[in-house]
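This briefing concerns the structure shown below. Please read the text beside the model.

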Amino acid sequence: MELWAHRGSGKGELENTLKGFDIARNAGFKAVEFDVMLTADGAPMIHHDWVMGRCARSVDPAMAATDSLTRFNSLRARDLRHYAVQGEPIPSLAQTIEFCLTHGMRANVELKATHPANAIALGKAVRAAIEALPLEQQQHVARHWVFSSFYHASLLPLQGFDIALLYEQLPDNWALHADALGATAIHLHWSGADPTALRRIHTTGRVVRVYTVNDPEQAKTLQALGIKGLFTDRMTL
């Protein structure tokens, strides 16, 4: 069963940072999951929240009180130098791709559109970052990486890659969406990964990965049900 380090070293102090990814690597993980969003000027950066302050905070203490009022997509790429995650910079998608390729790590790239209007733009930006790589590295990404999203329109520009649809609970029309996008996998929240849902997905030949699983016994139960992999915050699951 695949183990994916959720947001690198897990949800918390160093999530979605190069240092967090390195912590996961040193803990023995061969695969990481991270979130990519677009800045106001269209730069794909590694970040999870729609607003600042929970994780990425202003480096100016005087501004920190207003972080929660600042939307990520209102900031330009150059503005992000004024924010840090426990002293670590917010990395670009290009930097994160380089890190993963340098260290031979697989990646699940979760595309997080901030509103429907920029969903396809985000997918195009991610595809452009992959196509900027040397051909050999592009082929490696196509073979080993996964691209997922709750915003399925984001995945349209990534058809031809390994696509996974994200759901909390499996909806009735999931197969229609999966067929339309050519999705090879479904990623479910652990609360929705019941035997019936898993059987419905497996019947179509698609794989299932489950998020976010931090309990070893729960991980064993899900493995027995035939899931392909799970995402975890724990570095010693």
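Where does aspartate 41 lie? Aspartate 41 is found in the loop between β2 (31-38) and β3 (44-46); helices (H or I, at least four residues) and strands (E, at least two) are DSSP runs, numbered from the N terminus. The model is predicted: local features need pLDDT of at least 70, side-chain atom pairs count only at pLDDT 80 or more, and totals for chains, interfaces and linings use all residues. Residues are numbered from 1 along each chain as its sequence is written, and side-chain values use heavy atoms, with hydrogens and water left out.

**Overall architecture**

- The protein has 8 helices and 11 strands. Its radius of gyration is 17 Å, close to the 18 Å that the globule rule gives for 237 residues, so the protein is as compact as a globular protein of that length. The radius is taken over C-alpha atoms, and the globule rule is 2.2 Å times the number of residues to the power 0.38.
- Along the principal axes, the C-alpha atoms of the protein fill a box of roughly 55 × 35 × 35 Å.
- Of the 237 residues in the protein, 51% are buried; buried means under 20% relative accessible area, exposed over 50%, and partly exposed in between (1.4 Å probe, protein chains only).
- Among contacts in the protein with a separation of 6 or more, 58% are accounted for by residues 24 or more positions apart. Contact means heavy atoms within 4.5 Å.

**Surface and charge**

- The protein exposes about 10,800 Å², of which carbon and sulfur atoms supply 54%. Accessible areas come from the Shrake-Rupley method with a 1.4 Å probe; for residues, only the protein chains shown count as cover.
- The mean positions of the 23 positive and 24 negative charges of the protein are 2 Å apart. Lys and Arg count as positive and Asp and Glu as negative, while His and the chain ends are not counted. The place of a charge is taken as NZ of Lys, CZ of Arg, CG of Asp or CD of Glu.

**The loop between β1 and α1**

- Arginine 7 belongs to the loop between β1 (2-5) and α1 (18-26), and asparagine 16 lies in the loop between β1 and α1 as well.
- Arginine 7 is buried, at a relative accessible area of 7%, and asparagine 16 is buried at 3%.
- Most residues other than glycine have a negative phi. Arginine 7, which is not a glycine, has a positive phi of about 55°; asparagine 16 has a positive phi near 60°.
- The side chains of arginine 7 and glutamate 15 are joined by a polar contact of 3.2 Å. A polar contact is a pair of N or O atoms within 3.5 Å; within protein, one must be able to donate a hydrogen and the other to accept it, and residues adjacent in sequence count only if both atoms are side-chain atoms.
- Not counting residues up to four places away in sequence, arginine 7 touches Glu15, Asn16, Phe21, Glu33, Asp35, His48 and Arg54.

**Aspartate 41**

- Aspartate 41 is partly exposed, with a relative accessible area of 48%.
- Its side chain makes a polar contact of 2.5 Å with the side chain of threonine 39. A polar atom of the aspartate 41 side chain also lies 3.0 Å from the backbone nitrogen of alanine 77.
- Beyond its neighbours within four places in sequence, aspartate 41 is in contact with Leu75, Arg76 and Ala77. The C-alpha atoms of aspartate 41 and leucine 75 are 7.9 Å apart, although 34 residues separate them along the chain.

- Arginine 57 lies in strand β4 (residues 57-58) and is partly exposed, at 44% relative accessibility.
- A polar atom of the arginine 57 side chain lies 3.4 Å from the backbone oxygen of arginine 54. Leaving out residues up to four places away in sequence, arginine 57 touches Asp67, His82, Tyr83 and Ala84.
- Lysine 30, in the loop between α1 and β2, is exposed, with a relative accessible area of 63%.
- Apart from neighbours within four places in sequence, lysine 30 is in contact with Gly104, Met105 and Arg106. The C-alpha atoms of lysine 30 and alanine 107, 77 residues apart along the chain, are separated by 8.7 Å.
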